[in-house]
Amino acid sequence: MSSWKSSGKSGEGGESFPHDLKSQADITALYKLRVFRAERLERPLTNLSAAAGPISHTGVRVTLEDKSQWLIHKGSGFGLSSETVVVKAEHISDKWKVIGSKDFGGTKTVSDFVKAGGTDYSLLFNNCHDGSKRMMDQH
């Protein structure tokens with residue numbers, strides 16, 4: 001899967017985390033796992049104390065068939081071949097708040113969510129809010 005980056009920016013300061021998965025086989029296996037629940041999350045932008053509509057960062061935390069949780073989100077410079085990245089949810093700060101949820105019942109995979117997030121980033125036309133909304137709006 002070329003759109004994978006197993007580390008990404010999910011803290012307030014855009015810090016990167018060590019790679020969660022070590023092999024292509026692990027990455028491929030993760031992409032095939034089914035999503036049972038998705039929660040749209042929001043946090044303040046770096047150095048701000050509160051999130052306010054578009055002056056925030058959003059992503060989607062998914063709970064998978066193996067009960068693991070991952071954050072899928074996008075931003076400028078977040079990934080290598082895709083600006084939508086996947087990180088273990090344990091890396092996210094407590095500033096992320098749930099703003100919506102949806103049960104998918106295993107009808108979508110991690111790969112579907114990454115594809116819905118999109119490979120490219122544009123502050124005005126294809127940002128984190130657009131990507132997380134597309135992920136949640138899947139049928």
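These legends accompany an overall view and several close-ups of a predicted model of one protein.

**Figure 1. The whole protein, element by element.** Read from the N terminus, the order of the elements is α-β-β-β-β-β-α-α. Of the 139 residues in the protein, 51% are buried. Among contacts between residues at least 6 apart in sequence, 64% join residues at least 24 apart. The protein exposes about 6900 Å², and carbon and sulfur atoms supply 53% of that area.

**Figure 2. Confidence along the chain, with residues 1-17 in view.** The average pLDDT of the protein is 87, and 86% of the residues score at least 70. Please keep an eye on residues 1-17, where pLDDT stays under 50. For this stretch the model has 58 contacts beyond four places in sequence.

**Figure 3. A nonpolar patch on the surface.** Which residues form the nonpolar patch? Leu45, Leu48 and Ile55 do, and together they have about 230 Å² of accessible area. Ile55 sits in the loop that links β1 (34-43) to β2 (57-64). Its relative accessibility is 45%, so Ile55 counts as partly exposed: the value falls between the 20% limit for buried and the 50% limit for exposed.

**Figure 4. Lys67 and its positive phi.** Here is a backbone detail worth a look if you enjoy torsion angles. Lys67 is not a glycine, yet it has a positive phi of about 75°. Where does Lys67 lie? Its place is in the loop between β2 and β3 (69-74). Is Lys67 buried or exposed? Lys67 counts as exposed because its relative accessibility is 69%, and the cut-off for exposed is over 50%.

**Figure 5. An aromatic pair, Phe104 and Phe113.** The count of aromatic pairs comes to 1. The ring centres of Phe104 and Phe113 lie 5.1 Å apart and their planes meet at 75°, so the pair is edge-to-face. Two cut-offs carry that reasoning: centres must lie within 6.5 Å for a pair, and planes over 60 degrees apart count as edge-to-face. As for burial, Phe104 has a relative accessible area of 5% and is therefore buried. Phe113, at 0% relative accessibility, also counts as buried. Both labels follow from the cut-off for buried, which is under 20%.

How values were computed
Residues are numbered from 1 along each chain as its sequence is written. This is a predicted model: local features need pLDDT of at least 70, side-chain atom pairs count only at pLDDT 80 or more; totals for chains, interfaces and linings use all residues. Side-chain values use heavy atoms; hydrogens and water are left out. pLDDT is the predictor's confidence in each residue, from 0 to 100. Contact means heavy atoms within 4.5 Å. Patches are made of residues with over 30% relative accessible area and no salt bridge: like charges are joined within 9 Å, nonpolar side chains (Val, Leu, Ile, Met, Phe, Trp, Tyr) within 5 Å. Accessible areas come from the Shrake-Rupley method with a 1.4 Å probe; for residues, only the protein chains shown count as cover. A salt bridge is a side-chain nitrogen of Lys or Arg within 4 Å of a carboxyl oxygen of Asp or Glu. Helices (H or I, at least four residues) and strands (E, at least two) are DSSP runs, numbered from the N terminus. Buried means under 20% relative accessible area, exposed over 50%, partly exposed in between (1.4 Å probe, protein chains only). Rings of Phe, Tyr and Trp (its six-membered ring) pair if their centres lie within 6.5 Å; planes under 30 degrees apart count as stacked, over 60 as edge-to-face and the rest as tilted.
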